[in-house]
Amino acid sequence: MKRLLLSCLLLTSGLHAEVKLPAVFSDGMVLQQLQLTRIWGTADVGEEVKLTFGEQTHSLLTDSTGKWSITLNPMNANAVPVDLVVAGKNTITVKNVLVGEVWLCSGQSNMQWTVKQAGKAEAEIAAANHPQIRMFNVERTPSLTPQADCKGAWKEATSANVGDFSAVGYFFGRHLHQVLKVPVGLINTSWGGTRIEAWTSTAALEERPCASEMLTDWKDHASKWDAAKEQAAFEKRKADWQTLVKQIDTENAKLPAEKKKTKPQAPRPPDDPNTTPHRPSVLFNGMVAPLVSYGIKGAIWYQGESNQKRAFQYQELLPTLINDWRKQWVDGFSFYIVQLANYGNRLPVAKDAGVPDTWAELQEAQTLTAQTLDKCGIAIINDIGEQNDIHPKNKQEVGRRLALWALAKDYGKNGTEYCGPLHLSSVIQGGKVRVQFTHSGAGLKTRDGGEPKHFQIAGADKKWVWAKAKIEGSEVVVWNESVPQPVGVRYAWAAWPEGANLMNAEGLPASCFRTDDFIPSTIGVVSPFKENTPAPVKP
């Protein structure tokens, strides 16, 4: 018995004494150039740890919890693989390490969307031969508490691997690599269908008044959760749904194609609040916290579809996430946002002006954030969406437009315009509204060569009508004879703005915008549990 106990103690002691590294420090990784680079891990308490990388060697003793952290001096880009060696009572050799540019890629399904799901997938995969572009895919894992490590592996952008890369991340990184001629590392931490609050730390959300009701609702929901009861209710909904579908199938068999009834979607299974990826902070805890302090140049963000019913709240939630991540990294890194693409939402195209649109309100929240926060930008893609698919296939252009921002703002490549026209200001003169823009580039134009389309105009009565518009120099003049005293103009204010065609000479589309200060339709909706409850809108 004593011998068995001694063996167990020795085994436990040996396991605890091993020098360990988080998964992100693994074979094939890319380290950020020209920055102090932090490498960290664990070992036995008081153990000496020595790290060697190229010509640099550093050593220290672990702290009272067995943690250690070593900072490498800034390094120039290096495409020649080098081993990183960490030695204590055991030795870890991280092989094939490059130095270059590192970017974090995050968001929901349009960031998660892979190269093999994107347009021209076969050709892109066949042509992928970029061993200096690497991606680390973080395994999708929610957590109720911040984690020190995650699961994942670095892969080179070859035909064997690239199909599983985030398409937006890959095409963004490929464009940087082609221009900068240095290695590029991409860390993909994304999850389809998720909301922004899941990616934000608890501490940051608790500081925001707009999140208090949401946090309270989630706390109440979790405390009242009864898995057996929820499962029983789901089985009842599922049985009712199956009965209804059979009934519709029977009726449709007797009807011509144009009169067949549409079958309802299947009910969703219960979503346990203790394991769901939608609960506030759980994806920050499980998929961002383990990466904090890894050296990066910046982040790209493609998310918002799941927050559109709370678009006004997003005006606060998106800056909160950005500031939170920058605080966590102790680094005001660049943050570039993909504005939601145009999307028909499988609904008839709005024929009337003035229809409230949560999609446009979410796009506005993204744009306001990019215009307000330092070192932020927005890639406008309202010309490449697909009417019946929320996942546009042209991820190549999404990646390129993000890269234009990074090349201009982070790498000094200022030779061309890097953003579509953004609303700057407006002036009312003689019954017409003159709209000014930033990022007009070499001049304003339209995609089809005709007059600008999808402009609306309203007076103080808030009755919107479609407007006429024309380009005059660096301005767009908007009017409608039926509105002699206009107070506001809107452009492309719809999820699917049919015919919207304003752009700059460089071919980058103008963002949707509004000049009015009317109350948006999503104001007051601040919790996912209340999204279908009409917001209290004052006249």
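Begin by selecting helix H4 and helix H11 together, and you will find that H4 passes H11 in a right-handed crossing. Keep in mind throughout the tour that this is a predicted model. Two packed helices are described by the angle between their axes and the distance between the axes. For this pair, H4 covers residues 167–180 and H11 covers residues 395–409, and their axes come within 7 Å of each other and cross at roughly 50°. Because of that angle, H4 counts as oblique to H11.

Next, show the side chains where the two helices touch. On H4, the contact is made by Ala167, Val168, Phe171, Phe172, Arg174, His175, Leu176, Val179 and Leu180, while on H11 it is made by Lys395, Gln396, Val398, Gly399, Arg400, Leu402, Ala403, Ala406 and Leu407.

A search of the whole structure finds 21 aromatic pairs, and Trp103 and Phe172 form one that is edge-to-face, with 5.2 Å from centre to centre and 80° between the planes. Which parts of the chain does this pair link? Trp103 belongs to strand S7 (residues 91–107) and Phe172 to helix H4, so that the pair links distant parts of the chain, 69 residues apart.

Now turn to the sheets. Strands of a sheet pair through backbone hydrogen bonds, either parallel or antiparallel. Select strands S14, S15, S20 and S19, which in that order form an open sheet of 4 strands with antiparallel pairing. The edges are strand S14 (422–429) and strand S19 (468–472), each of which pairs on one side only. Looking across this sheet, neighbouring strands are turned by 25° against each other on average, with direction ignored. Inside the sheet, strand S15 (residues 432–438) and strand S20 (residues 475–479) run antiparallel and are joined by 4 bridges.

For the last stop, select another open sheet of 4 strands, which has the order S18-S17-S21-S23 and antiparallel pairing. Which strands lie at its edges? They are strand S18 (465–466) and strand S23 (513–514), and each pairs on one side only. Follow strand S21 (residues 488–491) to S23, and you will see two antiparallel strands joined by 2 bridges. Finish by selecting Tyr491, which stands opposite Phe513 in S23.

Conventions: Residues numbered from 1 in each chain as written. Predicted model: local features only at pLDDT ≥ 70, side-chain atom pairs only at ≥ 80, totals over all residues. Heavy atoms only, no water. Axes fitted to C-alpha atoms, helices over the stretch in contact; angles between N-to-C directions. Parallel < 35°, antiparallel > 145°, perpendicular 65-115°, else oblique. Left-handed = near helix turned anticlockwise from the far one by under 90°. Contact = heavy atoms within 4.5 Å. Pairing = 2+ DSSP bridges. Phe/Tyr/Trp six-rings, centres within 6.5 Å; stacked < 30°, edge-to-face > 60°.
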